[in-house]
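Reader: I am new to this one. Could you take me through it in short steps?

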Amino acid sequence: MSDSASGSVDKSVQVKLVLLGEAAVGKSSVVLRFVSNEFQANKEPTIGAAFLTQKCRLEDRVLRYEIWDTAGQERFHSLAPMYYRNAQAAVVVYDITKATSLEKAKSWVKELQRQANPNIVIALAGNKLDLVQPSALSTGAASSSESEDEADDATATPGETPGSSGEPESLRQVPREEAQAYATEAGLLFFETSAKTGEGIVDIFTEIAKKIPIEHILAATRGTARPGAAGSRADGARQEGGVNLEENAAKSKDACNC
Amino acid sequence: MSTISTALRNFKEPTKEQLTQIFFSLPSVGSLDGTEKTLDQHVEKMDINAVLSFGVQGVEDSYAGKLHIIAPYLAFTSLDKKSVRFTIPLSTIRRVERLNARAGIYALSLSTWHGMKIIVQLTSLRPTADQFCALLRDALKIELQRGQMKLVKGFVKTCYSEALVSETSTVADNEREDGSLISEEKENAAPRESTYHGGLGLRFKFPGDPKKLREASKIKLWATYLRAHGRNLTLLRYPQCTRLVQVGLPNRLRGEMWETLSGSMYLRFSNPGFYEDLLKKNEGRTSTSTEDIEKDLHRSLPEYAGYQSEEGISALRRVLQAYSFKNPELGYCQAMNILAAAILIYMSEEQAFWLLEVLCDRLLPGYYAPSMHGTLLDQRVFESLVQRCLPIIHDHFQVVDVQLSVASLPWFLSLFVYQQYANDICISDSRLLLLHGTQGVIPSRTRSVCSSIIYEPSPSFHSWPAILKINGEKLLQIQDDGGFLNLMRDYFASLGDSAHPNSTDPRARAITRFQELLLVSFREFSVITDDMILSERRRFRSEIINSIESFSKRSAIRNLKTLGRFTKEQAGLIYDALYMAMCILPPPGPVNPPPTLLTPHDGTEEKPETRIELSTFQYFLSEIATWARNEKIVMNGFQQRIDREIAEHEFIDRLFFFWDTSCRGALSFQDLVSGLDGVMFNDLMENIEWFFNLHDKNKDGFLTKDEVLTLSESFLFIFRYEVGDAYLGAVSRFMTNAFEYGDALLPTAEDADPNSERAHDGQGPEPTSPHFIESNQPYLNLATFRMVVLADEVLESFFETDLSGSFRLEPVPDAELPVSPSGLLGDLWSTIATDSNKKMFNMFTDEIGKTIGKHQVINRPSIGRYTKLEEPKARESLLTPSMRKSSSKASLTGSSTAASTATLAPSSSSTLTVDTKGQPAKDLPQLPSSESLSPMVQAVNARLMERTPFAIDDAKDDEDESDDEIDANDNDDRVMDEVDAFLEAHDSGLTDADKEVANDLLHAEPLK
Ligand SMILES: Nc1nc2c(ncn2[C@@H]2O[C@H](COP(=O)(O)OP(=O)(O)OP(=O)(O)O)[C@@H](O)[C@H]2O)c(=O)[nH]1
Ligand SMILES: [Mg+2]
């Protein structure tokens, strides 16, 4: 929203990115962390989908991510094609403390590879890394309490009750190696992340930015009426380098946490 | 893994009667499985023209309308269907009197339990009025007998309105300004007995600033109205009621008014204790729904204090779980948590449960269903309404390729409660737009919060067009989905702002954007009527269903773990056959998850998956395998047709269990695909092995003697309609050879394997003798079986190509063969439309055909390799001498009689049952026991005799049964009639003379 007024439109490359994954794995939290560097303990589930934007600078190139955060519950599945159509990138999120969520992630990957844009860049993100890190234990007592509360209430939910011991690795249900192997085999970018601590979040979007065939997007959209695509003056060579969150991240805050 | 649902196919448009019930917010017939059904069988219904006058003169005008008895309710609506209405349980009526009025006038005075008088003048003809009164009397009597009358007093005590009207001061001394209870000070004192239901707000405060909400004055206004016009069960809705709802509801009353206006109160009233029982009955039960609910409990209005405490969370859990137990098919859908959380602030659990029921089932039909078809359908309807009402915006969106639903869908789903934009919802009835101009802020939320608007049939149909219209100019600048969403978000965030900030008129400046929205919804979009929405829904339903079905087909195919050697298209054909079978023989309801004990707790439990049972499988297979259906070609001189039925045979059951690799007694789509993959691509040797394995029950690599017999029967079943003797001969030879080789290879005591030796030792006598064959003794191995099969040319060709070829994925052509239009009855035929007609026509022509001797029935062969009758060989030569010996009973004359009946009941002769279990063969060591053999051989003989020599071409039929639903798209443009009708004065529909009569009635004395 603020971008359209800022006049930077013609410098940035618009990238449509979609987040997919089982309910409550932390998709919205990942986006919230990326877009406004925040974490909310109890985020309302996404109904249908939410839309957010965030700019990234990759050397001299500015990428403007248009992020579609989708709802995770199975029955919203049929709405997903509406959101991943024309997407150039996808982040498929699972929860490393819940084995089934990786299965769901795999089926999303399969669907994307068959149904979505053929050049789509897919990243696999195993979220909630903080829950299995010993370092999180000391701080985690207070800050991760919300997820433990949840689990405590959820006595009826199988597989969610964490051991009362302080052994955090016991919460892990998806070994890193297993997911990494799958990602390699399926040709995905792979990260373990924590929306809570922020670990690994920016990396997802940086790596995606590097891998995205920007020239393709430019070529495809050049000359169309779409803002953000028309008449990019940036030169052709794609450059390696870090992505800096735009300064106006704070400005877009109000745009994201709603 | 996927679930396949045929529920959408079975949708039925509501009948007129059902629409009336819906209009009066009455519980739908049989909505509670079984509990009330018996009464509904003979629900008395009648309506009559009437004029309603209020018991106290001058308070309200009189209105003409229709009075309905829909036992056990009495309902009234004014002619315009919106000004005045009520729905009152008969049990609240304590007295009915015929009034002594002017001649020719028939009037009744009805008194409710709290003494309110309603006067209705029945304006229909006298006999109709008499009949109506008689019906009313009977219905009241029944209510009295059912003891309903006694329940009323207890029930109304649970309603806040009763407390409100009896209180002298408008705000009780233990209430805060916002209506919540003050209890902290007297923590130890016994809590004041409040019998009325209320929500979490009583304890955790109601959202919003009570001053701004003007709670005190609202309470006063409402108390006055409810005192005079009835309340809860007996509320009469006059225009004043609608206006008051627009002013807003006091926090304490809100929950109850939602209940009353939505009709969920009738459900609570007629099902006392249901909620508690439901929870008790299902205690500890878990399901996918309960798991999903757990995930979201802490994610529902988390800012509200009530949901930061265990009290609120567990109330929310119970309500959502109870709903999912009540309606397992729908279960739980995200968005319901937010809805339930919002209403629980204002309502007790029981109230919220019933309101949720009404919301999910009636107000938002199909919105939360697993396919979300209701949501998708209403999005489509919404788009079409925008196209109609706001063509410029619609066209612009088309040009820039923006989908309206990306923004509107979340709000349709959550009734505006979503994402903090709203904290205040209100359920309305169909015609009234009920809304609150109230602004509130959920504590700790910094955003302004608007109220939401609920209409029926769907709450969002008026407000969304209004939102688009208000933002029209900006919308035309939008270039993509993102821009659209941003604009909408900004708009929602600014709803609390002034709509005309630059106006010089302070009053105009005071109008918020929210109020502006309400105004525009009212003024300009009340043209969108229920009927319009219903007819639009009808228009798009099949389109939506088709797209949902093709989506679920695609994802079912994608979700297959393996396609085997099938292409996606072929898998699609398998899916189609499965789907068709499920439509006709639906599998049992949603499979309840296995008991918790069996659910692995390591997080690897399975997602629910659609599985079919044997009967559905039989239908499925009959669509695919030629021998799994009986096809009779009937010719009667006028027409030639194929009567098709599902074959039943042990062989098919065997296949079912053979494919059920996970031993669940039911097959999934994947099982079917893998199963078919295991046979359709086989070569000769693989097919022989497949067939062998199919009959090798314990999978030890050997067939027992019994299994050899069963296998022979399977042959006979598959070949049952083949022309000529070739197959029967082959089966007969097969049996002979199989038994010969089998016996020859029987282990003697010396080389028998130790296991069987021990078994024999136990029984003792003559271990060397091969006579004693236990029924489970290995008898024939694959190599021998293969040898026996390959020795026979006919069987070899069967396994080489015919077996695999008998599975055909392409849909079976329709069973009708075209009739030449020039035929005698051709014209008649072409006018036949329905299935039952066809059946009658078929029977009719059959009869004629029989009389004129042209009726002929032929069973279509499954393999059809030999279409010409081969010269019958000498029948004796088919049987070995020993077999002939034991089959002497099967005389030729005997079997020829069988032949004459065989065409009538073909399947009866093909289901052979052989009972050999535990009957060791004694006198015929080289053959199975005579008891078991003789029926078999008899049958073979009989079959040889019954062959109807006839050659049939594969009759194909391309007649397309296009009985597609005729689009009942009667686009009655009532749009203009209803323009702004709401804001118009409420016309009572009465002339002055009528009014005078009505006024007279107010003073009339009861008839003695
Ligand atoms: N400990 C921890 N909790 C997290 C993390 N990310 C998310 N959560 C919590 O997990 C829950 C779900 O997070 P959401 O971001 O709403 O999940 P989602 O995938 O968007 O869920 P849906 O919208 O329902 O599909 C919330 O309670 C979060 O606080 C994380 O990295 N660490
Ligand atoms: Mg989310």
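Reader: Over residues 683-718 of chain B, how far apart are the end C-alpha atoms?
Author: The model is predicted, and the values here are computed from it. A UniProt annotation, from an unreviewed entry, names residues 683-718 of chain B "domain: EF-hand". Over that stretch the chain is 72% helix and 6% strand. Its end C-alpha atoms lie apart by 19 Å.

Reader: How many helices and how many strands does chain B have?
Author: Chain B runs to 1008 residues, and buried ones make up 55% of them. Its accessible surface comes to about 43,900 Å², with 53% belonging to carbon and sulfur atoms. As for elements, the count is 42 helices and 18 strands.

Reader: What share of the contacts in chain B with a separation of 6 or more comes from residues 24 or more positions apart?
Author: Take the contacts in chain B with a separation of 6 or more.

Reader: Is Leu301(B) buried or exposed?
Author: Leu301(B) sits in the loop between helix H13 (288-297) and helix H14 (310-326) of chain B. Its phi is near 40°, a positive value in a residue other than glycine. Its relative accessibility is 4%, and the cut-off for buried is under 20%, so Leu301(B) counts as buried.

Reader: And Cys663(B): buried or exposed?
Author: Cys663(B) has a positive phi too, about 55°, although it is not a glycine. Its place is the loop between helix H28 (650-659) and strand E14 (667-668) of chain B. Its relative accessibility is 66%, and exposed means over 50%, so Cys663(B) counts as exposed.

Reader: Which residues coordinate the magnesium ion (ligand 2)?
Author: The donor atoms are an OG and an OG1, at 1.9 to 2.0 Å. They belong to Ser28(A) and Thr46(A). The pair links distant parts of the chain, 18 residues apart: one residue is in helix H2 (residues 27-36) of chain A, the other in the loop between H2 and strand E2 (49-58) of chain A. In that order, they are Ser28(A) and Thr46(A).

Reader: Are Ser28(A) and Thr46(A) buried or exposed?
Author: Ser28(A) has 13% relative accessibility, so it counts as buried. Thr46(A) has 9%, so Thr46(A) counts as buried.

Reader: Why is strand E4 (residues 89-95) of chain A largely enclosed by the rest of the structure?
Author: Side chains in a regular strand alternate between the two faces of the sheet. On one side of E4(A) are Ala89(A), Val91(A), Val93(A) and Asp95(A), all buried. On the other are Ala90(A), Val92(A) and Tyr94(A), also buried. E4(A) is largely enclosed because its buried residues number seven of the seven.

Reader: What is the handedness of the crossover from E4(A) to E5(A)?
Author: E4(A) pairs in the parallel sense with strand E1 (residues 12-21) of chain A over five bridges, and Leu19(A) has Val91(A) as its bridge partner. E4(A) also pairs in the parallel sense with strand E5 (residues 121-127) of chain A, over seven bridges. There Asp95(A) has Asn127(A) as its bridge partner. The chain goes from E4(A) through helix H4 (residues 99-115) of chain A to E5(A), and this β-α-β crossover is right-handed.

Notes: Residues are numbered from 1 along each chain as its sequence is written. Chains are lettered from A and ligands numbered from 1 in the order in which they are written. This is a predicted model: local features need pLDDT of at least 70, side-chain atom pairs count only at pLDDT 80 or more; totals for chains, interfaces and linings use all residues. Side-chain values use heavy atoms; hydrogens and water are left out. Buried means under 20% relative accessible area, exposed over 50%, partly exposed in between (1.4 Å probe, protein chains only). Helices (H or I, at least four residues) and strands (E, at least two) are DSSP runs, numbered from the N terminus. Two strands pair if DSSP finds at least two bridges between them. A crossover is right-handed if, with the strands pointing away from the viewer, the path from the first strand over the helix to the second runs clockwise. UniProt positions are given in the numbering used here, feature names are shortened, and annotations may be inferred rather than shown by experiment. Contact means heavy atoms within 4.5 Å. Accessible areas come from the Shrake-Rupley method with a 1.4 Å probe; for residues, only the protein chains shown count as cover. Donors are N, O and S atoms within 2.8 Å of the metal (3.2 Å for Na, K and Ca); water is not among the atoms, so sites may look incomplete.
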